[in-house]
Amino acid sequence: MMNLEIVQKRIVNAIQTHNTIIIHRHIYPDLDAIGSQAGLQRTLKNSFADKTVYAAGDDETSLLFINKMDLIPDEAYKESLVIVCDTADTSRICDQRFSKGATLIKIDHHPDHEPYGDLSWVDPSYSSASEMLVDLFLEYPEVFRMNKEAAGALYAGIIGDTGRMLNGTVSPRTLRAVKALRKFPFQPERIHNELNKKSSGVARLREAILRTFKVTEQGVAYIYLTEEKLAAYGVNHAEAANLVNVLSSMARVRIWIFFIEYPNEIRVRIRSRNIPIDDIARRFGGGGHSFAAGASIGSWEIADEVIEALNGKT
């Protein structure tokens, strides 16, 4: 395994020597995916005025207050540096042109079950990819110059993957990163206000989830959110997924699952209270962290298999 200092130096050198840099992240982006991508893009633009820096992928409506994606021509990938943030597996990279660049870098905090890239910096001890980037920027202040826009995006990424600083991933290093970001005048209350906004449909769906979720004898809670149900409440997939922790406060519940129906798959979001569940996510083709993981499945029958597998964890 390459020494961390060497890896970081090589990442810095790759950034310095490429004129075009394209930043990717995972499909169905969360706050850390968008935050790390936007924070890196804005820092690079602020640090290297002569470089072209793109953010690749599909827009996520609920996170447009953080960043809007760029339209990237195919020819831009020629001789480019591609950096993929917060994405453990190549199948989950949004915009599969990521492999078309001259150099590929992976920066991620998920367990490294699928190594990829010419350079790879993977460290699950970090709360988020956003925290990793703050650490990199602080380590090389002569190279990287953050601004308030970058700081706001990275802050959003950190609070997203730490459950607003409430879960067990917060470390002294996390607090150091937030302290560094708070030196910029990005007004964190505006980010929290955006995250607290809920349409009447989301509020009603939240109430319905709390009324209708089911829980097994082993303490595994679950809810099926079909496309028909989401349409009835006027809620999109991302808004529904953001409600996953509403079941976390139930006394009997040790593991909780959202099954969210998409046009061609069912997305599974799994959370737990100090019970490792990432192995079950991997069994069904997904992955993630020990206590927060996910997968994609093809039928409701497989959803029953997921529940049964998680029953065995308690």
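**Ground rules.** I'm working on a predicted model, so local features need pLDDT of at least 70 and side-chain atom pairs count only at pLDDT 80 or more, while totals for chains, interfaces and linings use all residues. Residues are numbered from 1 along each chain as its sequence is written, and side-chain values use heavy atoms, with hydrogens and water left out. My helices (H or I, at least four residues) and strands (E, at least two) are DSSP runs, numbered from the N terminus.

**Entry 1, the five-stranded sheet.** I looked up the strand order and found an open sheet, E2-E1-E3-E4-E5, with parallel pairing. For me two strands pair if DSSP finds at least two bridges between them. Strand E2 (52–55) and strand E5 (119–122) sit at the edges, each pairing on one side only. Neighbouring strands here are turned by 15° against each other on average, direction ignored. I take axes as lines fitted to C-alpha atoms, for helices over the stretch in contact, and angles run from 0 to 180 degrees between N-to-C directions. Strand E1 (residues 20–24) pairs with E2 in the parallel sense over four bridges, and Ile21 stands opposite Val53 in E2. Which helix packs on this sheet? I noted helix H3 (residues 129–139), which touches strand E3 (81–85), strand E4 (103–108) and E5, with its direction at about 110° to that of E4. Contact, in these notes, means heavy atoms within 4.5 Å.

**Entry 2, the six-stranded sheet.** This one is open too, in the order E6-E7-E8-E9-E11-E10, but its pairing is mixed. The edges are strand E6 (214–215) and strand E10 (287–288), each pairing on one side only. Strand E7 (residues 220–225) runs parallel to strand E8 (residues 255–261), with six bridges joining them; Tyr222 has Ile257 of E8 as its bridge partner. Helix H7 (residues 200–212) packs on the sheet against E6, E7 and E8, its direction about 130° from that of E7. Helix H11 (residues 300–311) lies across E7, E8, strand E9 (266–272) and strand E11 (292–297), at about 170° to E8.

I came back to H3 for its helix partner. The axes of helix H2 (residues 31–47) and H3 come within 8 Å and cross at roughly 25°, so the two are roughly parallel (angles under 35 degrees count as roughly parallel, over 145 as roughly antiparallel, 65 to 115 as roughly perpendicular and the rest as oblique). H2 contributes Asp32, Gly35, Ser36, Gly39, Leu40 and Thr43, and H3 contributes Ala129, Ser130, Leu133 and Phe137.

The contact residues are Ala151, Leu154, Tyr155 and Ile158 of H4 with Thr174, Ala177, Val178 and Leu181 of H5.

Asp86 isn't a glycine, yet its phi is positive, about 60°. I found Asp86 in the loop between E3 and E4. Buried or exposed? Asp86 is buried, at 1% relative accessibility (buried means under 20% relative accessible area, exposed over 50%, partly exposed in between; 1.4 Å probe, protein chains only). Gln187 also has a positive phi, near 60°, and belongs to the loop between H5 and helix H6 (188–196). Gln187 is partly exposed, with a relative accessible area of 33%.
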